[in-house]
Amino acid sequence: MKRAGVLVVLLLSACKNDAGPVAEVNPEKLYTQMCARCHGVDGKGDPQIAQMMPVRDLTSPQVQSRPTEDLERVVMMGQNQMPAFGESLSPRKIQAVLGHVKRLGRQAAPPASP
């Protein structure tokens with residue numbers, strides 16, 4: 001029994017360093033790398049890609065009003081022709097990208113009338 005406990009401690013200490021150092025996440029850079037090719041730098045959709053397949057305008061009220069959990073699920077699992085990014089982006093990075101998408105929506109929204 002003692003041997004099994006030592007093995008568990010060794011395994012846990014070996015796994016402790018696998019994650020590596022915490023890296024700063026730059027949402028705008030991540031969006032540019034992973035999303036802008038299809039959705040455009042401004043989130044409205046790349047016109048050339050839109051000629052070949054439907055591309056969502058991420059600044060539209062339809063996208064901006066969706067619950068964050070729904071958007072996370074789409075990014076993780078993909079939808080229609082959008083590929084899944086769940087294996088290449090951590091949940092933290094997905095949340096950061098979606099934060100950037102929300103900022104794009106606020107920037108594109110017309111100012112409220114007084």
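Let me begin with a definition: contact here means heavy atoms within 4.5 Å, and helices are DSSP runs of H or I with at least four residues, numbered from the N terminus. What we have is a predicted model, in which local features need pLDDT of at least 70 and side-chain atom pairs count only at pLDDT 80 or more, while totals for chains, interfaces and linings use all residues. Residues are numbered from 1 along each chain as its sequence is written, and side-chain values use heavy atoms, with hydrogens and water left out.

I will start with helix H7, whose buried residues pack against H2, H5 and H6. Buried means under 20% relative accessible area, exposed means over 50%, and partly exposed is in between, computed with a 1.4 Å probe on protein chains only. The buried residues of H7 are Ile-94, Ala-96, Val-97, Leu-98, His-100, Val-101, Leu-104 and Gly-105. H7 itself has 18 residues and spans 26 Å from first C-alpha to last, close to the 26 Å expected, where the expected span is 1.5 Å times one less than the number of residues.

That brings me to the nonpolar core, meaning a set of buried Ala, Val, Leu, Ile, Met, Phe, Trp, Tyr and Cys residues joined through side-chain atoms within 4.5 Å. The largest one has 17 residues, and those with the most contacts inside it are Tyr-31, Val-75, Leu-89 and Val-97. Helix H2 (27-34), helix H6 (68-77) and helix H7 (91-108) each supply at least two residues of this core, and H7 gives the most, with six. Leaving aside residues up to four places away in sequence, Leu-89 touches Leu-30, Met-34, Val-75 and Ile-94.

Now to the cysteines: how many disulfides are there, if a disulfide is a pair of cysteine sulfur atoms within 2.5 Å? The count is zero, and for Cys-35 this is because its sulfur lies 9.0 Å from the closest cysteine sulfur, in Cys-38, too far for a bond. Cys-35 is buried at 16% relative accessibility, whereas Cys-38 is partly exposed at 27%.

Finally, two polar contacts, that is, pairs of N or O atoms within 3.5 Å, where within protein one atom must be able to donate a hydrogen and the other to accept it, and residues adjacent in sequence count only if both atoms are side-chain atoms. Ser-60, in the loop between helix H4 (47-52) and helix H5 (61-64), is buried at 13%, and its side chain reaches the backbone oxygen of Asp-57 at 2.9 Å. Asp-70 lies in helix H6 and is partly exposed at 23%, and the side chain of Asp-70 contacts that of Arg-73 at 2.6 Å.

How values were computed
Disulfide = S-S within 2.5 Å.
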